[in-house]
Amino acid sequence: MTAKIIRIPGSNCVNYIRGRCLYAENQNPGLNQDIRCQELRRMGKEFDDFLSQAEHFDISEDTATSILQERMQKSLQRQTHCQNYQPGDTDTLLGCVYAIDDLCAHFLPRCQGRCPNFSATPENNT
């Protein structure tokens, strides 16, 4: 008879979020750019490029703000280029179910249950 090992879920670990593991990100925040939301990175690049252009052409702050608001509105209305985009989370800027702040849960490793890195979430004493 073969015994089946069942893993204890890691859902009450401080590194657990939506079935994914944030351990590596929590150890070195921002180190792995591959797990960042592609669309937010694209929008950030657009913003940086715009600031460079505004500086280069010596555009006033009021004019730059007006142009930037218009560009960002158009950018948000444009269809995403991300192949992993799944609509549904209305609490995020892009409305994607994979969005966790500036991270994409799709690229985070799946939680395999309690592991050597497991750390229980502190109990809420309120």
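This is a short tour of a predicted model, stop by stop.

**Before you start.** Residues are numbered from 1 along each chain as its sequence is written. In this predicted model, local features need pLDDT of at least 70, side-chain atom pairs count only at pLDDT 80 or more, and totals for chains, interfaces and linings use all residues, while side-chain values use heavy atoms, with hydrogens and water left out.

**Stop 1: helix α2.** Select residues 38-56. Helices here are DSSP runs of H or I with at least four residues, strands are runs of E with at least two, and both are numbered from the N terminus. α2 has 19 residues. From first C-alpha to last it reaches 27 Å, close to the 27 Å expected at 1.5 Å a residue. That expected span is 1.5 Å times one less than the number of residues.

Now colour E39, M43, F50 and A54, the buried residues of α2. They cover an arc of only 50° around the axis, which puts them on the same side of α2. The arc is taken from the directions from the helix axis to the C-beta atoms. Buried means under 20% relative accessible area, exposed over 50%, and partly exposed in between (1.4 Å probe, protein chains only).

Turn to the face away from the buried side. K45, E55 and H56 are the exposed residues there. Then show residues 61-77: this is α3, part of what covers the buried residues of α2.

**Stop 2: D58.** Step into the loop between α2 and α3, where D58 lies. Its phi is positive, about 55°, although D58 is not a glycine. Is D58 buried or exposed? D58 is exposed, at 69% relative accessible area.

Stop 3: Go to the loop between β1 and β2 (20-21), and pick R18. R18 is another residue other than glycine with a positive phi, near 50°. R18 is partly exposed, with a relative accessible area of 45%.

G19 lies in that loop between β1 and β2 too. Which residues does G19 touch, leaving aside neighbours within four places in sequence? G19 is in contact with R110 and C111; contact means heavy atoms within 4.5 Å. Draw a line between the C-alpha atoms of G19 and C111: they are separated by 5.6 Å, though 92 residues apart along the chain.

**Stop 4: I8.** Finish in the segment before β1 (16-17), and select I8. Leaving aside neighbours within four places in sequence, I8 is in contact with G113 and R114.
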